[in-house]
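Let's work through a few exercises together. Keep the viewer open and try each one before you read on.

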Amino acid sequence: VPFAGWTLPLHYGQGHLQSHLHTRRHCSLFDVSHMLQTLVYGRDRIRFMESLVVGDIAELKPGQGTLTLLTNEKGGITDDLIVTNTSEDHLYVVSNAACADKDLAILRDRAAQLQATGSDVHLEVSDNALLALQGPSMARVLQAGLSDDLAKLSFMNSITTTVFGVPGCRVTRCGYTGEDGVEISVPAARAVELAEQLLGVPDVWLAGLAARDSLRLEAGLCLYGNDIDETVTPAEAGLMWTLGKRRRVAMDFPGAAVIMAQVKDKPRRRRVGLTCGLAWTGAGQALLNSLYPHIPGTVTSGCPSPCLGKNIAMGYVEAAHSRAGTELTVEVRKKQHPAVITKMPFVPTQYYMAK
């Protein structure tokens with residue numbers, strides 16, 4: 001199917017349901033090379049990045065990364081991205097494919113502004129492929145091809161290492177499924193070789209876009225363009241945890257005045273999870289439409305949950321009606337069905353924290 005200018009497979013042979021459950025029970029390999037990977041060099045690289053995002057990049061230890069938000073002057077979310085302070089001499093930034101062109105334009109424009117005032121910062125777009133290995137057996141599968149000890153690599157931390165004989169790979173313990181997993185930035189010329197090595201393990205299946213979407217929704221993770229965009233603020237989206245404490249005080253990121261005013265006065269709407277008791281009889285049933293006027297709001301993502309056996313969704317409702325347990329009505333194909341606001345994640349996450 002078309003996706004952000006790429007053609008991506010929905011699934012590889014096995015159906016969506018089987019692929020989704022296999023990821024939860026074993027592990028799956030996702031080709032996510034459509035994501036934008038950018039390297040930021042120069043002694044002013046942290047100041048550069050903090051002029052664009054809400055996170056505390058300066059506090060990141062070598063090898064540590066964080067999810068952060070690129071915001072605009074109105075407080076809207078231009079993109080959500082992961083910034084890693086590498087142990088080498090640069091920041092490693094992974095952005096959404098759908099936002100690649102606008103993100104790169106923003107980064108380049110800001111770099112040019114700082115360079116014009118004598119700052120030392122420059123960008124390099126990586127042509128590496130990006131492979132995500134996700135699921136409970138990931139560590140066992142990957143450890144067989146690593147000399148480094150994966151048990152020492154915590155969630156949102158990163159190392160550069162050799163993976164199954166392929167040198168120069170950046171392994172970051174993160175992902176988009178809620179499971180323990182890694183994303184491997186691998187030189188493009190050897191990406192197929194590495195993928196074939198991983199797929200040689202019976203536990204590992206290829207997974208496509210359909211499973212990626214249902215897994216991330218069960219984990220309560222946002223899809224840019226659906227659940228967050230430039231009209232949504234971090235306070236509305238429930239993403240205030242991405243704002244560093246120092247940054248909140250300094251208010252030196254785009255849209256700070258708008259966002260911090262919402263923190264003080266409370267946003268008028270909030271992102272919530274929804275479950276619907278509608279019996280799931282097939283992938284055709286999904287929560288994709290608006291909340292019925294009993295409570296004004298909008299459903300932004302929805303699908304049948306393979307793990308829960310019922311429909312799940314996320315969307316926005318008025319803050320006064322956003323408490324978990326609130327009953328409301330969802331319109332599905334012009335019919336109204338009862339739903340309830342539910343805490344996320346819908347399925348418990350399994351992120352790995354090293355002891």
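Predicted model: local features only at pLDDT ≥ 70, side-chain atom pairs only at ≥ 80, totals over all residues.

**Exercise 1.** Describe the side of domain 2 that touches domain 3, by residue class.

*Solution.* Start with the classes: that side has four nonpolar, one polar and two charged residues. Next, look at the area: domain 2 and domain 3 bury about 500 Å² between them, with 36% of it on carbon and sulfur atoms. On the domain 2 side, Glu236, Ala237 and Pro267 lose the most area to domain 3, together 84% of what that side buries. Finally, check the charges: the count between these two domains is one salt bridge. Arg269 and Glu236 form a salt bridge, and their closest N and O atoms are 3.3 Å apart.

**Exercise 2.** Find out which residues are linked with Arg24 in a network of salt bridges.

*Solution.* Step one: Arg24 pairs with Glu179 at 3.1 Å, N to O. Glu179 sits in the loop between strand S11 and strand S12 while Arg24 is in helix H1, so this pair ties together parts 155 residues apart in sequence. Step two: Arg24 also meets Glu218 in a salt bridge, at 3.0 Å. Glu218 belongs to helix H6 and Arg24 to helix H1, so here the parts tied together are 194 residues apart. Put together, the network holds Arg24, Glu179 and Glu218.

**Exercise 3.** Is Glu179 buried or exposed?

*Solution.* The cut-off for buried is under 20% relative accessible area. Glu179 has 5%, so it counts as buried. Arg24, at 12%, is buried too.

Conventions
Residues numbered from 1 in each chain as written. Heavy atoms only, no water. Buried area = accessible area lost by both parts, 1.4 Å probe. Salt bridge = Lys/Arg side-chain N within 4 Å of Asp/Glu carboxyl O. Nonpolar A, V, L, I, M, F, W, Y, C, P; charged D, E, K, R; others polar. Helix = DSSP H or I, 4+ residues; strand = E, 2+ residues; numbered from the N terminus. Buried < 20%, exposed > 50% of the residue type's maximum accessible area, 1.4 Å probe, protein only.
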